[in-house]
Amino acid sequence: WPEPTPKRTGAPEDTETQSPERNHNFSTEFGHRNYSLYINRVLKEVAPHNGISFRTLDMMNTMISDIFERISTEACNLMYFRNRRTLTPEDVQKAVYLLLPGKLAKYAVASGNEAVQWYVHS
């Protein structure tokens, strides 16, 4: 007769042998931000009768995440170069000017300032 397998008491299982079907909420985990809802809201404000395909929405979401990561990384680098421990709006603005070309950077900074002022005064 085969011997019974010993019971494990309190020993964690190997992570490779665990079932890959876990209940994950990817939208809240680090690195998996989802801007689809906001993209749809802006699209409905600009062009109420137009829609967007899932594939295009996914590409827009990836592009926004990539730009956000680049700007935040550059802003943190500027903060460290200045020997500061607090990220300031000036760091973010300088990062935008360094990463985005000419008029796009000016427009992005102007829109960002306007949004911050609207948020502060509301």
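Trainee: Why is threonine 86 called exposed?

Mentor: Exposed means over 50% relative accessible area, buried under 20%, and partly exposed in between, with a 1.4 Å probe and protein chains only. Threonine 86 has a relative accessible area of 55%, so threonine 86 is exposed. Bear in mind that this is a predicted model, where local features need pLDDT of at least 70, side-chain atom pairs count only at pLDDT 80 or more, and totals for chains, interfaces and linings use all residues. Residues are numbered from 1 along each chain as its sequence is written, and side-chain values use heavy atoms, with hydrogens and water left out.

Trainee: Where is threonine 86 found, and what does threonine 86 touch?

Mentor: Threonine 86 is in the loop between helix 2 and helix 3. Not counting residues up to four places away in sequence, threonine 86 touches Met79 and Asp91, a contact being heavy atoms within 4.5 Å. Cysteine 76 is ten residues from threonine 86 in sequence, and their C-alpha atoms are 9.1 Å apart.

Trainee: What makes a run of residues a helix here, and how many helices has the protein chain?

Mentor: Helices are DSSP runs of H or I with at least four residues, strands are runs of E with at least two, and both are numbered from the N terminus. The protein chain has four helices and zero strands.

Trainee: Which residues of helix 2 are buried, and what covers them?

Mentor: Leu57, Asn61, Ile71, Ala75, Leu78 and Met79 are buried in helix 2. Their cover includes helix 1 and helix 3. In the protein chain, buried residues make up 14% of the 122 residues.

Trainee: What makes the lining of the largest pocket nonpolar, polar or charged?

Mentor: Ala, Val, Leu, Ile, Met, Phe, Trp, Tyr, Cys and Pro count as nonpolar, Asp, Glu, Lys and Arg as charged, and the others, Gly among them, as polar. By that rule the lining divides into 19 nonpolar residues, four polar and one charged. Helix 4 supplies the largest share of the lining, eight residues.
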